[in-house]
Amino acid sequence: MRPFDGRRVLLVVTGGISAYKSVVVLRRLIEYGADVEVLMTEAAEQMVGAVTFGALSGRPVHRGLWEQPLAHIELGRDADAIVVAPATANILAKLATGLADDLASATLLAAAAPILVAPAMNTRMWENPATQANIEALTAAGIARVGPASGPLAEGESGPGRMEEPETILTHVGRLLERESVLLGHKVVVTAGPTLAPLDPVRFLGNRSSGRMGFALAASAWRRGAEVVVVCGPTSVDPPVGPRVVRVERADEMLEALRAELDGAAVLAMAAAVADFRAGSPSDGKLKKDDGPGLDLKLETGPDLLVETLEQRRANSVFTLGFALETEDGEANARRKLRDKGMDMVALNPAGEPDAGFDVDTNRVTIIESNDLTEELPLLAKHEVADRLLDRIEERLGGATG
Ligand SMILES: Cc1cc2nc3c(=O)[nH]c(=O)nc-3n(C[C@H](O)[C@H](O)[C@H](O)COP(=O)(O)O)c2cc1C
């Protein structure tokens, strides 16, 4: 799975109690197709046996400085990314001050690959000014960090110090592996999910959008190093790790949030299913069955977010991707929308396919571009569709944002 396939990852396990969770980190890395070497400190081996990591990686675990004379130089040079999980207070201190008295610290000091640390320790160890100073130094030196999270700790206390969950760590490793993207450091705004149009204080008109397509785009853009904001309507699907999430309910709230985010953005991806219609005058009180037989609903057209943001997008040269679901004349209609609404790319969804579009994990889209290119993608997982779309966006932006 992108971006792990065939990439070399060095997993450094140090002596924290959460070393047992690193077994899951290793398993996932392998499942995602990474080529993983494991290095354990002496203290780590007190927590979990090297046999477990060796059996899962299918390779001997690197342990001592004196076992292979040049391992401390080669391991960090040959890797595409290094993840230290858990990272003890001790290894953070060594890395911050340049100590190299065992295989882990010497390898990290000699590393050419980008490093991610996942600190895990007792809250007082974490909050100690010495640890905090080390973290500051590591951040200044460009070392990436994930966590620690807050919550119950092994010793029965609670507070910041828990190692982040394996999936979260994996997402951050993914970001480390995609540092070549032209999106690196650029702002990407994504809309996701449905918007609701209230009829009365408890009822609304909505749609089946789950937010999955937008979340997949946000996750992929974040992994490519972008600063991502996802403006999303109500959904029960968890948003991705990384992007900032702005929650809204109605179309006019989504428009307001977009206006606030678009200045300085390089890309806008409009994956939300924004309600086209809203009640002309929503009732202040709950509509009652015995108010009369049936209910006469007067609907009016809601704001068109693409039209409303056209000027702002032009002024900021925001590359805009939209989604279109057409029941007939799909391509011609999508091309017209592309032109009229100032978009650079449209992902055309087929209507009425059970495995594509709303509320499923897969999608089939045709990419239609303002430069007259068209590409029909096969049925793919939404995260793959997101990757293909962002690949195309990267190609189009080329040196333009760089
Ligand atoms: C049971 C036990 C649990 C420990 N858990 C942690 C921990 O979660 N985080 C930490 O920084 N140190 C922890 N320590 C202390 C480290 O193991 C100790 O500082 C050790 O020197 C770290 O070595 P290393 O960084 O080379 O792995 C723990 C020690 C023991 C005995």
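Colleague: How do the residues of the shell around the ligand divide by class?
Modeller: In this predicted model, the shell around the ligand holds eight nonpolar, six polar and no charged residues.

Colleague: Which residues come nearest to the ligand?
Modeller: Thr14, Gly15, Gly16, Ala43 and Thr88 come nearest, out of the 14 residues around the ligand. Each of the 14 counts as near because its C-beta atom, placed from the backbone, lies within 6 Å of the ligand.

Colleague: Which helices each supply at least two residues of that shell?
Modeller: They are α2 (42–47) and α5 (89–97). The helix α5 gives the most, with three residues.

Colleague: Why is α1 called roughly parallel to α3?
Modeller: The axes of helix α1 (residues 19–31) and helix α3 (residues 50–57) come within 10 Å and cross at roughly 10°. Angles under 35 degrees count as roughly parallel, and therefore α1 is roughly parallel to α3.

Colleague: Which residues meet where α1 and α3 are in contact?
Modeller: From α1 come Val23, Leu26, Arg27 and Ile30, and from α3 come Thr52, Phe53, Leu56 and Ser57. This contact consists of five nonpolar, two polar and one charged residues. Arg27 is the charged one, because Arg is counted in that class.

Colleague: How do you know that the span of helix α8 agrees with what it should be?
Modeller: Helix α8 (residues 129–140) has 12 residues, which at 1.5 Å a residue should span 16 Å. The expected span is 1.5 Å times one less than the number of residues. The end C-alpha atoms of α8 are 16 Å apart, so the two values agree. Just after α8, glycine 142 has a positive phi of about 85°.

Colleague: Which residue has a positive phi although it is not a glycine?
Modeller: That is serine 317, with a phi of about 45°. Serine 317 sits in the loop between α13 (310–315) and β16 (319–326).

Colleague: Where is the peptide bond cis, with omega near 0°?
Modeller: Arginine 2 and proline 3 are joined in this way, and proline 3 is in the segment before β1 (8–13). Another cis peptide bond, with omega about -10°, joins alanine 85 to proline 86. Proline 86 lies in strand β3 (residues 81–87).

Colleague: What does the domain assignment give, and how many residues make the contact?
Modeller: The assignment gives domain 1 (8–176) and domain 2 (187–400), with 39 Å between their centres, taken over C-alpha atoms. Four residues from domain 1 and five residues from domain 2 form the contact. The domain 1 side has no nonpolar, three polar and one charged residues.

Key. Residues numbered from 1 in each chain as written. Predicted model: local features only at pLDDT ≥ 70, side-chain atom pairs only at ≥ 80, totals over all residues. Domains from an automatic or database assignment. Contact = placed C-beta atoms within 7 Å. Helix = DSSP H or I, 4+ residues; strand = E, 2+ residues; numbered from the N terminus. Axes fitted to C-alpha atoms, helices over the stretch in contact; angles between N-to-C directions. Parallel < 35°, antiparallel > 145°, perpendicular 65-115°, else oblique.
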